[in-house]
Amino acid sequence: MVTKTKAEIMDEDRIRRTIIRIAHEVIERNRGVKDLVLVGIRRRGVPLAERIGRGIQEIEGERVPIGILDITLYRDDLTTIGPQPMVQQTKIPVDITGKTIVLVDDVLYTGRTVRAALDALMDLGRPKKILLAVLIDRGHRELPIRADFVGRNVPTSKREIVHVKLKEIDGEDRVIIEETNRLFNQPYN
Amino acid sequence: MGLNRKDVLGLQELTAEEIQLILDTAVPMKDILSREIKKVPTLRGKVVATLFYEPSTRTRMSFELAAKYMGADTMSLAVATSSVQKGESFRDTAQTIESMGVDTVILRHSVSGSAQYLAKIVKASVINGGDGTREHPTQALLDMFTIREKRGSFAGMKVVILGDILHSRVARSNIWGLTKMGAEVRVVGPPTLMPPEIDKLGVKVYYQAEDALEGADVINVLRLQLERQQKGLFPTVREYHQLYGLTPARLKLARPDALVLHPGPMNRGVEIAPEVADSPQSTIVEQVANGVAIRMALLYLLMEGGSSSEGIS
Amino acid sequence: MKVLVKGGRVIDPANGLDLVADVLIDQGKIAAIIPDGQSQADAAGGADKNPSAEVTVIEATGKLIVPGLIDMHVHLREPGFERKETIASGTRAAARGGFTSVVCMPNTQPVADNRAVIEFIINQARSTGVVNVYPIGAITKGSRGEELSEMADLAAGGAIAFSDDGRPVMNAQIMRLALEYAKIGDWLIIPHCEDLNLSAEGQMNEGYWAMLLGLKGIPAVAEEAMIARDLMLAEMTGSRLHIAHVSTAGSVQLIREAKKRGIRVSAEVTPHHLVLTDEAVASFSTSTKVNPPLRSEKDRLALLEGLADGTIEVIATDHAPHTLEEKDCEYNYAPFGISGLETAVPLVWSELIEKKVISLEKLIACLTVNPARILGLAKGSLGIGEEADLTIIDPEMEQIVRVDDFVSQGKNSPFDGWQLKGWPVATIVKGRVVMKNGQV
């Protein structure tokens, strides 16, 4: 597979401002932070959830519980991919039953990751409500799923990969689009 | 990631990296055991069969639970209730099971090498649930998981395996696994229950329990099969206990925080004193839960995968 | 009817021959050995004098012409175990393997512990066999090791030696009695040396690999202790002993020392013990399960040395065919035995000649004149006037062993798929070609 960087669609500043905006929107939608739990989907949803959490704390002066969700065991493609992805721990510090959960991920594409995340959450308890926050929505949904909070809508072709880079994992903050020479699913992070 | 192999027949064939991966994968699996809903859909539509030619309630239950928690369906064939007793050949039984669409077979058999034999016959994955006196990989993995959970790593750990080494598949698998992970393994037991040339596996051989226990971090006490005495391999159970039973006094020779493992079922008062079995140093109860987690991890890691490495989003 | 075997290298250790020559066979007997260079007319000389007689010519240029090979340790399984092998199939396997004579063990069903069974085997061989068959009688009734069989009657019926092979004579007193009783006809006793208490439930050689594989070991001393006992009894009685399937370094040493002391003992080794070690069991293939078991590399090297220094003077296959079903099972449940007749020659050629362990003459002696002398058979030589049993070996021929090609019913060979060199290409029994180019 050949890939080449096509465009940078977000830089560090823009990511920062976007996260602050999402933090505001979450508070607004929830009318505060009561019963709110942020849950990042491994891997890049996790630092994003932490950043949104910090944003909320700056605005409201209150810490929101932040959880980590590993959706590997709920993926619908385990028997077609190989070798198996590494399973890691799911860590949610509170009982999610009755809570408003904001699922956080970097890119929303087919919707399959979110489907898996919803199933995983349901096995952990019965939340009052689940909302979805993503940094990038690149379209091409294969399931009836939409995001409640979107950093940026980016129309893409299926030949493109949206690559979100975050300091905590990649050492830098930027979002780029790469073009490949074949149809490619957004890589599972 | 993933075990790039069809079967898990022993720790002899696994690399340190593969063992590490299994232990790491068992960590999130163990979390599932403490949830209210102890089930993930990962192996939905898969069938795991337990084929047991030797009675073993706990290993079979552990595998069946692991399979069910992972979302698989299970079926079990035990020798006492099957056509095996009517003299059906191993191959015929294996092929019958496979033709029922089984994806993974767990085999327990009294003959060493039977797991290899089965793996050659069937296309399904085979997990060795204990073959003869050769290997019992999942037991060793759960022992290792228990040690790592309590101690963090294996490097430099002094692990004593105490008892009937000759007839113990648990001992052999533990030796393979622990030495690969950098532990110092000591084996101790009566010379008549010590296989010749076992030192070539990189273990230290002792015949005096006291010498072996000195400064130990972990003591893995093996079950003594009482029928060995009938074959004259040691004089009496009484003398065995006197020489090799893990008593509170002997336990004091080990490090104060030494772990005591036992694969079960225990002969209390024979290889292990009740006070030791029930002491805070004993991990015997936890080992059982860890066994389910390890088996879940293996079932997951042996899941059949395709050739693509693409993901979803 | 005449047969002319042309242009091969004739090796006949019994007569000290090693030359390129033609061998002329007439009326089933060796008529002449005509060295290379003498005229064709001379070679077929007999034909000129008797124009009506046909001469079959077998081209053997570049090949070895040796006395018909003798395997003094086979299991033909008939009567009783005809699903494993019959005299018909076993002798065909022998012919395909280059053997013109086989000596069969008495552990049939019923055991060859009475004259009727011996005579049955001889008659059956005459009517269905394609090579010479010499039966061995049981030392004890039922080979149970308790009471002597009617050894004299067995000998009168055609038994050429005595053995309880497959089982040891555990009781030393019974073995002593057998050796003493054998003095009646200076009969040969062939013990299967194994202390059953030491070997009980054993599946393979005791040692590193048994430890690793979790299989119960058969210690070397199970064989050696019994050999030591039998050597002492042979020394005491002065009777003749031939130790079957020697497999350990300690056994070789015991026999070497016994020979120095003048004990009347000979010994044999199998091709599989010369080629394989217990490491082969790691595959858990039941074709590696054999008794005595495949031993360590140290033992294997000692066997080669014993062969080289003459301590061991016979190579015998211990051909032990079993059915596919019997061997297709868990290791412990499989019977012991390797189907050996059809791989023996290329195995020893590849292991002993290609690797220069022993001389060609010595190898041929181990397969011909040595077993003949030990058994008192007028075989194993190309002397003029002797029965024309010949084997032609192509030293350059290389091919892959395929058990599916075996004519033996026993496909239980650990050498399936091995590429081997030095194959028998023709077997001639009493002047009759019973195998040519692998076809029987």
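Guide: Rings of Phe, Tyr and Trp (its six-membered ring) count as a pair if their centres lie within 6.5 Å; planes under 30 degrees apart make the pair stacked, over 60 edge-to-face, and the rest tilted. By that rule the whole structure holds nine aromatic pairs over all chains. The model is predicted, so local features need pLDDT of at least 70 and side-chain atom pairs pLDDT 80 or more, while totals for chains, interfaces and linings use all residues. Residues are numbered from 1 along each chain as its sequence is written, chains are lettered from A and ligands numbered from 1 in the order written, and side-chain values use heavy atoms, without hydrogens and water.

Visitor: Why is the pair of Phe90(B) and Tyr117(B) called stacked?

Guide: The ring centres of Phe90(B) and Tyr117(B) are 5.1 Å apart and the planes meet at 15°, so the pair is stacked. Phe90(B) lies in helix 3 (residues 90-99) of chain B and Tyr117(B) in helix 4 (residues 114-121) of chain B, so the pair ties together parts 27 residues apart in sequence. Helices here are DSSP runs of H or I with at least four residues, numbered from the N terminus.

Visitor: What makes Phe90(B) buried?

Guide: Buried means under 20% relative accessible area, exposed over 50%, and partly exposed in between (1.4 Å probe, protein chains only). Phe90(B) has 3%, and is therefore buried. Tyr117(B), with 14%, is buried.

Visitor: What is the pair of Tyr240(B) and Tyr244(B) called, stacked or tilted?

Guide: Tilted: the centres of Tyr240(B) and Tyr244(B) are 5.6 Å apart, with 45° between the planes. Tyr240(B) and Tyr244(B) are four residues apart in helix 9 (residues 237-244) of chain B, and therefore separated by about one helical turn.

Visitor: How do you know that Arg138(A) lies over the face of Tyr109(A)?

Guide: A charge sits over a ring if NZ of Lys or CZ of Arg is within 6 Å of the ring centre and within 35 degrees of the ring normal. Arg138(A) is at 3.8 Å from the ring centre of Tyr109(A). The charged end of Arg295(B) is over the ring of Phe63(B), 4.8 Å from its centre.

Visitor: What makes Glu354(C) and Lys421(C) a salt bridge?

Guide: The rule asks for a side-chain nitrogen of Lys or Arg within 4 Å of a carboxyl oxygen of Asp or Glu. The closest N and O atoms of Glu354(C) and Lys421(C) are 3.7 Å apart.

Conventions:
Helices (H or I, at least four residues) and strands (E, at least two) are DSSP runs, numbered from the N terminus.
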